[in-house]
Amino acid sequence: MDWDNLGFKLITTDYIYSMKCTEEGNFEQGRLSLHANIELSPAAAILNYAQGVFEGTKAHKKEDGGLLLFRPDQNGVRMKIGAERMCMPSPSVDQFVDAVKQTAIANRSWVPPSGKGSLYIRPLLMGTGGALGVAPAPDYTFLVYASPVANYFKEGLAPLNIYVEDEFHRASPGGTGHVKAISNYSPVSWN
């Protein structure tokens, strides 16, 4: 890898973590597998009704080669809150943290050297069961994948020019604006 010219784009790593939810709302034991595409029903709730939440965290390589994760338990708590708002079961915080750790360790060779970037880790919870009417999905899948990245902004931590909007709201009151719902991010996508 050319760690000096990494950028912030998707680079497929070796392993992905997945865990399915039982009909009773419990998540079974998850497992690592080789990174591959997933198969979904065209009626999957994630595709038709955007029933999904996600998180983003990073693993950094220490000078001694060890890995650092920044408060993955807090990401797990936020996912639980978001899943509840989206009428979804979620993994426990312990299951979430374990999945993030396993994914980081399995993809250790993709973690940039200290000071060159990080391994971006994306936990994703989605309604994978098919639903024709507006209702919670009958099945759910929790995935964790990763990609080595440099800073999100090319300037690194340089100051940003921002505008604070105080008249219009990004999300409607009482809606899902307070959670990392997949549906909240498409309106702000740009080239």
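Leu32 is part of strand S2, which covers residues 31-34. Helices (H or I, at least four residues) and strands (E, at least two) are DSSP runs, numbered from the N terminus. Leu32 is partly exposed, at 31% relative accessible area. Buried means under 20% relative accessible area, exposed means over 50%, and partly exposed is in between (1.4 Å probe, protein chains only).

Together with Tyr15 and Leu34, Leu32 forms a nonpolar surface patch. The accessible area of this patch is about 260 Å². Areas come from the Shrake-Rupley method with a 1.4 Å probe, and for residues only the protein chains shown count as cover. Patch members have over 30% relative accessible area and no salt bridge; like charges are joined within 9 Å, nonpolar side chains (Val, Leu, Ile, Met, Phe, Trp, Tyr) within 5 Å. A salt bridge is a side-chain nitrogen of Lys or Arg within 4 Å of a carboxyl oxygen of Asp or Glu.

## Basis of the model

This is a predicted model: local features need pLDDT of at least 70 and side-chain atom pairs count only at pLDDT 80 or more, while totals for chains, interfaces and linings use all residues. Residues are numbered from 1 along each chain as its sequence is written, and side-chain values use heavy atoms, leaving out hydrogens and water.

## Overall build

The protein chain has three helices and seven strands. Their order from the N terminus is β-β-α-β-β-β-α-α-β-β. The chain has 191 residues, and 37% of them count as buried. Its accessible surface comes to about 11,700 Å². Carbon and sulfur atoms hold 54% of that surface.

## Strands S6 and S7

Strand S6 spans residues 118-127. Of its 10 residues, 10 are buried. Both faces are covered. One side carries Ser118, Tyr120, Arg122, Leu124 and Met126. The other carries Leu119, Ile121, Pro123, Leu125 and Gly127. Strand S7, residues 140-149, is also mostly covered, with nine of its 10 residues buried.

S6 and S7 pair antiparallel over 10 bridges. Two strands pair if DSSP finds at least two bridges between them. Leu119 of this pairing stands opposite Pro148 in S7, and Leu125 stands opposite Phe142 in S7. S7 also runs antiparallel to strand S1 (residues 15-20), joined by four bridges. There, Ser18 stands opposite Leu143 in S7.

Three bridges join it to S3, antiparallel, and Gly52 stands opposite Met126 in S6. S4 also pairs with S6 in the antiparallel sense, over three bridges. Lys58 has Tyr120 in S6 as its bridge partner.

## Glu55 and Thr57

Glu55 sits in the loop between strands S3 (52-54) and S4 (57-61). Is Glu55 buried or exposed? Glu55 is buried, with a relative accessible area of 1%. The Glu55 side chain makes a polar contact with the Arg78 side chain at 2.6 Å. A polar contact is a pair of N or O atoms within 3.5 Å; within protein, one must be able to donate a hydrogen and the other to accept it, and residues adjacent in sequence count only if both atoms are side-chain atoms. Not counting residues up to four places away in sequence, Glu55 touches residues including Asn75, Phe96, Tyr120, Arg122 and Lys180.

Thr57 lies in S4 and is buried at 8% relative accessibility. Beyond neighbours within four places in sequence, Thr57 is in contact with Phe70, Asn75, Val100, Leu119, Tyr120 and Ile121.

## Helix H3

Val100 belongs to helix H3. Its relative accessibility is 0%, so Val100 counts as buried.

Asp98 is partly exposed, at 34% relative accessible area. Its C-alpha atom is separated by 9.3 Å from that of Pro72, 26 residues apart along the chain.

## Two positive phi angles

Most residues other than glycine have a negative phi. Arg71 has a positive phi of about 45°. Arg71 is in the loop between strand S5 (67-69) and helix H2 (72-85). Cys87 has a positive phi of about 60°, and its place is in the loop between H2 and H3.

Methods. Contact = heavy atoms within 4.5 Å.
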